[in-house]
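Please consider the structure below with attention to one helix and the side-chain pairs that involve it.

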Amino acid sequence: MKAWISLLAVLMIAAAATFAPAPPFAEEKVYAIGDAVVDFKLKNVDGRLVSLSDYKNGRGVILVFTSNHCPFSKAYEERVMALDRKYAVAGFPVIAIQPNDPGAYSEDSFENMKIRAQEKNYSFPYLSDESQTVAHAFGANRTPEVFILKRVGDRFTVEYTGSIDDSPQIPSGVRRRYVEDAVNNLLLGRPVVLTTTKAIGCAIKWKSI
C-alpha cells in the first residue's frame, strides 16, 4: 500500500511538472548543441564562488541542474555522485546547480543545500543559481537535467543535453546510460552519437517577474 502511495505521489508531481508554466524569458535564445558557453560564476555551498573557467585545465564538465526537494533528483542523487567518482579523475567532473526559487520550496534554500551536501558528502560543487540566469541561458526546464560540456581551447561547448539514463526512478532498471556513453565517446575523441534526450523530472520553479 505504501509503495502505491509513493508511486501516486511521484505521478502527481510529474503531472504538475508537465503543466508547469514556462519561464518568463522562454522566448530568448538558449544554448544549442555545439554552442560555446559563456563563463558564469555562482556561489558554492562552502561559500566560495565557482566559475566554469575554473575547469579550463580539464577535458570538460558534467553540468547537472538538480534540487533538494524533487523526488526525481533524489532518485538520481547516488548516480550523480557515482558519475563524479568515475569521471572527475578523467577530466570530466560534475558541477551541480540548484536553479529553483526557494520561495516555492523551502527545502531548496541555500541553507538546506549546505545541509544536503554535507550529509551526502558531495565530492563536487553544489551551486546556487539565485538569479536563475544560468538555468535560463542553458534552457534548463527540469531537475535533474544534464548538459555535458567539452573544453575546446579556452571555451566550453555543449555536446549533450537531457537525462542521465533511461530509468528515472529505479537504478536497477537502467538499460541505456546516456551521460556515460556521451562522456566515453568524448574521452576517446569521438563525437557524441545521441546528443539530446528528454529530461524527466520536476519543472524548475521560476521566480515571478
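The following paragraphs treat a helix and then its salt bridges.

This is a predicted model, in which local features need pLDDT of at least 70, side-chain atom pairs count only at pLDDT 80 or more, and totals for chains, interfaces and linings use all residues. Residues are numbered from 1 along each chain as its sequence is written, and side-chain values use heavy atoms, with hydrogens and water left out.

Helix α2 covers residues 71-87; helices here are DSSP runs (H or I, at least four residues) and strands likewise (E, at least two), numbered from the N terminus. There is a kink of about 45 degrees in α2, centred on Glu77, where the bend is the angle between axes fitted to the seven residues ending at a residue and the seven starting there. Of the 17 residues in α2, 12 are buried, among them Glu77 and Arg79. Buried denotes under 20% relative accessible area, exposed over 50%, and partly exposed the range in between (1.4 Å probe, protein chains only).

The model contains eight salt bridges, each defined by a side-chain nitrogen of Lys or Arg within 4 Å of a carboxyl oxygen of Asp or Glu. In one of them, Glu77 pairs with Arg116 at 2.5 Å, N to O. Because Arg116 lies in helix α3 (residues 110-120) and Glu77 in helix α2, this pair ties together parts 39 residues apart in sequence. Glu77 is buried at 8%, whereas Arg116 is partly exposed at 23%.

Arg79 forms a salt bridge with Asp165 at 3.0 Å, N to O. This pair links Arg79 in helix α2 to Asp165 in the loop between β8 (155-162) and α5 (178-187), 86 residues apart. Asp165 is buried, with a relative accessible area of 4%, and Arg79 is buried with 12%.

Definitions and conventions
Expected span 1.5 Å × (residues − 1).
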